[in-house]
Amino acid sequence: MKKYNVAILGATGAVGTEFLKLIEEREFPFAELRLLASQRSAGAKRTVCGREYTVEEATPDSFQGMDIALFAGGSISKEFAPYAVQAGAVVIDNSSTFRMDPDVPLVVPEVNPQDILWHKGIIANPNCSTIIMAMALKPLYDLARIKRIVVSTYQAVSGAGKEGIDELTDETKAYAEGREMVPRILPSASLPKHFPIAFNLIPQIDVFLDNLYTKEEMKMVNETQKIFGDSAMGITATTVRVPVYRSHSESVNVEFEHDLDLADMAKAIDAFPGIRMMDNPSEQVYPMPLYTSGDNDCYVGRLRRDFSQANTFNFWVVGDQIRKGAALNALQIAEVMIRNGWLER
């Protein structure tokens, strides 16, 4: 099998670290691996497949000779993506920078792999919550077109990075020791006010927009419509940060154009790659974030008919947002391109 030169921008962060784990686990066919980060992280050591690599400071010349550039996310994407494309690499970007650009495909490989074909050097990875929901929706969308979605998310603190994880740990310790909890990060470091996440829920992820939705909520709306190529699909979202370390959970209510059979829905979900049914109410079987962390698959449970409205159903979906919601999805995009010979175009 041909091997490819791969650059990872943001190699020392949570998503970058997951890239390295997955490259090993999935035996990704790389020849050269170039680990890049900010000046602050340059010089760090990382071991991949038994070989030690030194993290380099990212510069405009860092992508020369690279076939694939995996960007872990952040504002740095906007600066460096043009350099990577100019050097001949295909950029798979995990930031929000290019997601709604009409010239950039927004891809979940199990849902819309065909969109990869029209890339112009950059392919966008969707928001983590969008990916998890899209995985559950696709097998159902193939049974009947979706008219409307009402989704509420319960998002882990790791979605806010290492700082979010540290904040939950520090606050939990402070609470247990009778000390004051001092929040510094959540709901967003850039905001003037911060709230404790330990033993709390925060109904704000990112900033509020003029329509009173948060930026995170509108990402789910706009990105889902783009992925499915269906701007008429009605979507409303409420996104909530919860005191969970890893794996996002979502409560989804879906109205279809015509009625469906519950057994057919469950069968379609369970047969779909990357998602599994975990649903046996009589035995208290349903997915939970504690037990799905570190797993590549998304899980669906609590599938039931909405008795208040025709052709409408509820389900609960859980997925590891650092894996399938970020690093794994991006790496799968690269794998699809390799498998189909699309990198050789």
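In strand 10, A237 is the bridge partner of V151. Strands here are DSSP runs of E with at least two residues, and helices are DSSP runs of H or I with at least four residues, both numbered from the N terminus. The model is predicted: local features need pLDDT of at least 70, side-chain atom pairs count only at pLDDT 80 or more, and totals for chains, interfaces and linings use all residues. Residues are numbered from 1 along each chain as its sequence is written, and side-chain values use heavy atoms, with hydrogens and water left out.

Strand 9 (residues 146–155) pairs with strand 10 in the parallel sense, over eight bridges. Pairing requires that DSSP finds at least two bridges between the two strands. Strand 10 spans residues 234–241, and six of its eight residues are buried, so the strand is largely enclosed by the rest of the structure. Buried denotes under 20% relative accessible area, exposed over 50%, and partly exposed the range in between (1.4 Å probe, protein chains only).

Charged contacts were examined next. Side chains of opposite charge can pair when their charged atoms come close. A salt bridge was assigned where a side-chain nitrogen of Lys or Arg lies within 4 Å of a carboxyl oxygen of Asp or Glu. The count by this rule is 18 salt bridges.

One of these joins the side chains of R26 and E335, at 2.8 Å from N to O. The pair links distant parts of the chain, 309 residues apart. R26 sits in the loop between helix 1 (14–25) and strand 2 (30–37), whereas E335 belongs to helix 8 (residues 323–339). R26 is partly exposed, at 31% relative accessibility. E335 is buried, with a relative accessible area of 15%.

A salt bridge also forms between the side chains of K120 and D103, at 3.5 Å from N to O. Both residues lie in the loop between strand 7 (90–93) and strand 8 (122–124), 17 residues apart. K120 is exposed, with a relative accessible area of 61%. D103 is partly exposed, at 41% relative accessibility.

The side chains of D320 and R246 meet in a further salt bridge, at 2.7 Å from N to O. D320 is in the loop between strand 14 (312–319) and helix 8, and R246 is in the loop between strand 10 and strand 11 (248–256). The two residues are 74 residues apart. Both D320 and R246 are buried. They also belong to a network of salt bridges that links E18, K21, E25, R246, D320 and R323.
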